[in-house]
Amino acid sequence: MRKGINIVIIPELLAPAGNFEKLKMAVHYGADAVYLGGEEFSLRNLADNFTIEGLGEAVAYAHARGAKVYLTTNIFPANDDLEGMMRYLDKIREIPFDAYIVADPGVLDMVREVSPERVLHLSTQANTTNWRSARFWQRQGVARVNLAREMTLADIRGFKDNLAMELELFVHGAMCISYSGRCLLSSVMTGRDANKGKCAHPCRWGYALMEEQRPGSYFPVLENDRGTFIFNSKDLCLLEYLPELIGAGVDSLKIEGRMKGINYVASVVRVYREALDRYRENPETYAVKDEWLEELKKISHRGYTTGFLFGPPGEEDHEYQTGYLRSHEFVGVVTERAEDGSIIVEVRNRINADDELEFIGRGMASHRFTLSGMTSEVNDYPLTVAHPNQRIRLRIPFHVEPLDLIRREKLDN
Ligand code: SF4
């Protein structure tokens, strides 16, 4: 008798792609899908978003490598924005996005009018906190809903118990201290509307106290010698709870951060890819590894929290000590391997000819290596130091691939 084959279904890993380079990184390190925005009508307007031509190229690049692309159109437009948005949707209608991410019912209506064949995903901005709300959106043609960040694990389970619909959940990245990202702070203080993707993050600024009758006299508010961290939520990290999320029926694990750098995208995707692949291999023996958690501490973050997954966040989920933490700094990207075995590196942060560097690749590949020289790419001239944007040649005794990253332990650790 033939033994049955046990197929383990794991969720999609969905990564941010704030520009083409970040998209390449996300795909290289194993994202199943990316989300990105055009220059118009996408939250995160300050990420260096894609032109219409760039959107087409991005989709072609990702599809050629088996990754899906979701377009964010999750702003809350005013009446005056509607005409321009319709024109924009019309211009991009031929680009084969795998889904449009929407938040506003009016935008949903427009996408359906212009591109009725498109799959629709509902953004976290729509604040879906219960399955009835999800069912409502499903009846409007939405295939997938991104759950509000204010959901517990029990809340998430309640969705699949009551309806068949794709669920997407943020598992990693910055937490906005307002309710699922709806906030007027930036709009009021800077004129930059967070609901149109222009948040200036004033929730993280320093503040002083002023008594009404004494304008101009400011009393410092200090939690420690570095200032105040009143709204400084730790970053979300649910890496340790992937089996629980899979068990609750989450179909897509989303990483926050279209404004973050390529090092962030690469490092986070790399770790979650590894965890998901190990889970798929054998869910019974799967266990999160300390080294994966350590990897996530090497990139810039604000400390980690599980957010609302196990109930309302408490004191420990707020970071009172500092702003950003990181133990490593990103110094370069491998761009090609030359025929003579040397590699070409695009420098992003000063590199010295005797630095100890770490090369990181897919599948948690990692090589530490102390340089004993480097040369310029152009004429192979020896260099003692290389500066950002310079292209250098290195000779290393192990295999790396284009798009692998190079980092170094931070000197002040
Ligand atoms: S100001 Fe802070 S809380 Fe408000 S939208 Fe921006 S990041 Fe979120």
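## Basis

This is a predicted model: local features need pLDDT of at least 70, side-chain atom pairs count only at pLDDT 80 or more, and totals for chains, interfaces and linings use all residues. Residues are numbered from 1 along each chain as its sequence is written, and side-chain values use heavy atoms, without hydrogens and water.

## Domains and interface

The protein chain splits into domain 1 (12-180 + 232-317) and domain 2 (328-409). These bounds come from an automatic or database domain assignment. The domain centres, taken over C-alpha atoms, lie 32 Å apart.

Contact (heavy atoms within 4.5 Å) links 17 residues of domain 1 with 18 residues of domain 2. About 1,500 Å² is buried between the two domains, and carbon and sulfur atoms give 57% of that area. In domain 1, His 28, Arg 270 and Lys 298 lose the most area to domain 2, together 42% of what that side buries. Buried area is the accessible area (1.4 Å probe) that two parts lose on being put together, summed over both.

The rule finds two salt bridges across this interface. A salt bridge needs a side-chain nitrogen of Lys or Arg within 4 Å of a carboxyl oxygen of Asp or Glu. Elsewhere in the listing of pairs, Arg 348 and Glu 21 form a salt bridge through their side chains (2.5 Å, N to O).

## Arg 149

Arg 149 counts as buried because its relative accessibility is 17%, under the 20% limit (1.4 Å probe, protein chains only; exposed is over 50%, partly exposed in between). Arg 149 and Asn 127 are 22 residues apart in sequence and 8.1 Å apart in space, C-alpha to C-alpha.
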